[in-house]
Amino acid sequence: DGSILATGSPEGCIRLTDPRADSKICKLRGHSANVRALVLNRAGTQCASASSDGTVRLWDMGQQRCVSSYAVHDSAVWALAVDPGFTTATSGGRDGCIYRTDFSSRATTLLCSGLGPVRRLAYSVDCGLLWAASEGAGLTAW
């Protein structure tokens, strides 16, 4: 609803701000390196983050804490997309791999590798596709 603005930082924290009041809410700490990607769910109750430390984290915004951490990549995670139901995260990074992680079962599946560094990921809800932009393969859809 636009009541929370989340920004990642090079020091590994996520800053939460209320843009309507121009006031800081808090800092979420947990990553050990640059936070490169963030996704908030529609209700603003959960946030997924990806970092140069190779992890994806799931945050509870009400409790203002990390509820799960997933060590997915061997190097920096640069891109993150979360399905509309906020049940799975798809992450891509400097290693050229794209992984899908189920938040509840913690199962991680390698979707593809060898693309070159993955810069962006996005779900197309209308057609059910995942789009990936990478340095080596350009734009790819699944």
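Trainee: Where is Trp-142 found?
Mentor: Trp-142 is in the segment after β14 (138-141), where strands are DSSP runs of E with at least two residues, helices are runs of H or I with at least four, and both are numbered from the N terminus. This is a predicted model, in which local features need pLDDT of at least 70 and side-chain atom pairs count only at pLDDT 80 or more, while totals for chains, interfaces and linings use all residues. Residues are numbered from 1 along each chain as its sequence is written, and side-chain values use heavy atoms, with hydrogens and water left out.

Trainee: And what does Trp-142 touch, not counting residues up to four places away in sequence?
Mentor: With contact meaning heavy atoms within 4.5 Å, Trp-142 touches Ile-98, Cys-112, Leu-115, Gly-128, Leu-129, Leu-130 and Ala-132, leaving aside residues up to four places away in sequence. Gly-128 is 14 residues from Trp-142 in sequence, and their C-alpha atoms are 8.6 Å apart.

Trainee: Why is Trp-142 called partly exposed?
Mentor: Because its relative accessible area is 37%, and that class lies between buried, under 20%, and exposed, over 50% (1.4 Å probe, protein chains only).

Trainee: Changing topic, how many aromatic pairs does a search of the whole structure find?
Mentor: The search finds 2 aromatic pairs, a pair being rings of Phe, Tyr or Trp (its six-membered ring) with centres within 6.5 Å; planes under 30 degrees apart count as stacked, over 60 as edge-to-face, and the rest as tilted. One is Tyr-70 with Phe-103, which counts as tilted because the planes are at 40°, with the ring centres 5.7 Å apart. This pair links distant parts of the chain, 33 residues apart, since Tyr-70 is in strand β7 (residues 65-71) and Phe-103 is in the loop between β10 (98-102) and β11 (108-112).

Trainee: Which residue forms the tilted pair with Phe-103 at 6.1 Å centre to centre?
Mentor: That is Phe-86, with 40° between the planes. Phe-86 is in the loop between β8 (77-82) and β9 (88-93), 17 residues from Phe-103, and Tyr-70, Phe-86 and Phe-103 form one aromatic cluster.

Trainee: So what are the accessibilities of Tyr-70, Phe-103 and Phe-86?
Mentor: Tyr-70 is buried at 3% relative accessibility, Phe-103 is buried at 9%, and Phe-86 is buried at 8%.

Trainee: Which residues have the most contacts inside the largest nonpolar core?
Mentor: They are Ala-48, Leu-80, Val-82, Phe-86, Ala-89 and Phe-103, in a core of 15 residues, where a nonpolar core is a set of buried Ala, Val, Leu, Ile, Met, Phe, Trp, Tyr and Cys residues joined through side-chain atoms within 4.5 Å. The elements giving two or more residues to this core are β5 (46-51), β6 (55-60) and β8, and β8 gives the most, with 3 residues.

Trainee: What joins the side chains of Ser-68 and Tyr-70?
Mentor: A polar contact of 3.4 Å joins them, meaning N or O atoms within 3.5 Å, where within protein one must be able to donate a hydrogen and the other to accept it, and residues adjacent in sequence count only if both atoms are side-chain atoms. Ser-68 is in strand β7 and is buried at 17%.

Trainee: How many disulfides does the structure hold?
Mentor: It holds 0, a disulfide being a pair of cysteine sulfur atoms within 2.5 Å. For Cys-26, the nearest cysteine sulfur is that of Cys-13, 9.6 Å away.
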